[in-house]
Amino acid sequence: MKLSGMLLIVIMTMGGIGYWYYTDTQRTIAVLTENNAKLELAVATNEETIKTMAADFAAANEELKKVNTEFANIRRQNQELANKLADIDMTAAAIANPAAIERAVNRGSVNAGRCFELLSGSELTEDEKNAENARSFNKECPWLYDTYKSRGMLNDPTNNTNNQQTN
Amino acid sequence: MLPPVDEVNMRRIEWIVINENNIDEVKARLESEGKAFAFYALTGDGYGALGLNFSDIRALVQQQQQIIVAYENYYKAANKALDDAETQRQKEEAEAAAKAAEESKGIDLNPFN
């Protein structure tokens with residue numbers, strides 16, 4: 001009897017310790033699980049940040065490359081007038097044929113002014129829309145022809161011919 | 001949204017080319033048009049320099065336009081990347097919260113459940 005009583009106390013003590021151990025372990029597991037979830041979230045956020053920064057860097061690099069290419073084109077275009085003037089002696093031409101030079105410089109000035117108007121967003125004239133090539137578009141900024149053409153703002157010369165033939 | 005720049009309308013300018021041979025002819029032409037014989041003159045080289053200056057300014061405008069386009073493209077791409085990242089973060093946060101809620105129930109050791 002005495003022995004069974006002691007055994008009962010030992011069993012109850014063991015049961016209590018077991019219960020305490022179980023609840024404590026469960027609490028620890030819950031805390032660790034929560035911490036793990038937080039860490040997983042932090043890792044995911046970091047990975048997302050790194051991905052975003054890499055994409056950002058790639059986009060910036062792409063734009064830089066495009067700007068450098070465009071700058072090289074612009075410098076080449078700007079050099080065209082210098083090359084043209086290097087081939088012409090303006091003084092000699094003004095002495096030899098003032099009337100022709102007068103017409104040429106007036107025409108050139110109108111064209112050069114028109115380039116600024118176009119760069120500021122001016123609408124295209126019908127002549128410009130129907131231009132068949134870059135030179136007939138504007139001799140001072142012929143490169144704008146390709147820009148407008150790529151935007152679909154010019155009339156297709158083939159269609160014009162077809163239309164005229166139909167009419 | 002920023003407004004576009006004002007459109008430029010260039011004023012017409014008239015160049016008159018004068019040399020020692022045609023000066024009387026030009027004078028007579030101006031008289032017949034009722035204009036005074038007075039000029040702001042450029043030499044041939046001066047005219048060339050003026051043209052090159054204009055060309056440089058045009059190149060400057062074009063370069064500035066390219067920079068603006070590049071910034072616009074860059075910021076559009078950067079904003080999109082940030083929005084996507086924020087959406088992804090919110091999604092992951094919601095998933096983590098759901099997972100945590102599921103796991104907070106603990107390990108069920110009770111065999112009679």
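How many helices and how many strands are there in chain A? Chain A has seven helices and zero strands, where helices (H or I, at least four residues) and strands (E, at least two) are DSSP runs numbered from the N terminus. This is a predicted model, in which local features need pLDDT of at least 70, side-chain atom pairs count only at pLDDT 80 or more, and totals for chains, interfaces and linings use all residues. Residues are numbered from 1 along each chain as its sequence is written, and chains are lettered from A and ligands numbered from 1 in the order in which they are written.

**Confidence**

- The model scores ipTM 0.78 and pTM 0.76.
- Chain A averages a pLDDT of 90, with 94% of the residues scoring at least 70; pLDDT is the predictor's confidence in each residue, from 0 to 100.
- For chain B the mean pLDDT is 88, and 90% of its residues reach 70 or more.
- Where pLDDT is low, the predicted coordinates should not be read in detail.

**Overall dimensions**

- Chain A has a radius of gyration of 41 Å, whereas a compact globule of 167 residues would have one near 15 Å; the radius is taken over C-alpha atoms, and the globule rule is 2.2 Å times the number of residues to the power 0.38.
- The C-alpha trace of chain A spans about 140 × 50 × 20 Å along its principal axes.
- The C-alpha trace of chain B spans about 120 × 25 × 15 Å along its principal axes.
- Buried residues make up 10% of the 167 residues in chain A; a residue is buried if 20 or more other C-beta atoms lie within 10 Å of its own, exposed if 12 or fewer, and partly exposed in between, with C-beta atoms placed from the backbone.
- Of the 113 residues of chain B, 5% count as buried.

- Helix α1 of chain A (residues 2-87) has 86 residues and reaches 126 Å from its first C-alpha to its last, close to the 128 Å expected at 1.5 Å a residue; the expected span is 1.5 Å times one less than the number of residues.
- Of the 86 residues of α1(A), three are buried, so the helix lies largely in the open; the buried residues are A:Ala37, A:Glu63 and A:Leu81.
- Helix α3 of chain A (residues 98-119) has 22 residues and reaches 31 Å, close to the expected 32 Å.
- Within α3(A), the buried residues are A:Ile101, A:Val105, A:Arg114, A:Cys115 and A:Leu118.
- A:Gly121, which follows α3(A), has a positive phi near 105°.
- The largest nonpolar core consists of six residues, A:Cys115, A:Leu118, A:Ala131, A:Phe137, A:Cys141 and A:Leu144; such a core is a set of buried Ala, Val, Leu, Ile, Met, Phe, Trp, Tyr and Cys residues joined through C-beta atoms within 7 Å.
- Not counting residues up to four places away in sequence, A:Phe137 touches A:Glu128, A:Ala131, A:Pro142, A:Leu144 and A:Tyr145.
- Among contacts in chain A with a separation of 6 or more, 52% join residues 24 or more positions apart.

**Chain B: two helices**

- Chain B has two helices and zero strands.
- Helix α1 of chain B (residues 23-32) has ten residues, of which zero are buried, so it lies largely in the open.
- Just after α1(B), B:Gly34 takes a positive phi of about 75°.
- B:Ala85 lies in helix α2 of chain B (residues 44-103), and is 38 residues from B:Tyr47 in sequence and 57 Å from it in space, C-alpha to C-alpha.

**Interface between the chains**

- In the interface, 53 residues of chain B are in contact with 48 residues of chain A.
- The chain B side divides into 26 nonpolar, 16 polar and eleven charged residues; Ala, Val, Leu, Ile, Met, Phe, Trp, Tyr, Cys and Pro count as nonpolar, Asp, Glu, Lys and Arg as charged, and the others, Gly among them, as polar.
- B:Ala85 is partly exposed, with 18 other C-beta atoms within 10 Å; leaving aside residues up to four places away in sequence, B:Ala85 touches A:Glu48, A:Thr49 and A:Thr52.
- B:Ile18, in the segment before α1 of chain B, counts as partly exposed with 16 C-beta neighbours inside 10 Å.
- Beyond its neighbours within four places in sequence, B:Ile18 is in contact with A:Pro98, B:Ile23 and B:Val26.

Technical notes: Two residues are in contact if their C-beta atoms, placed from the backbone, lie within 7 Å.
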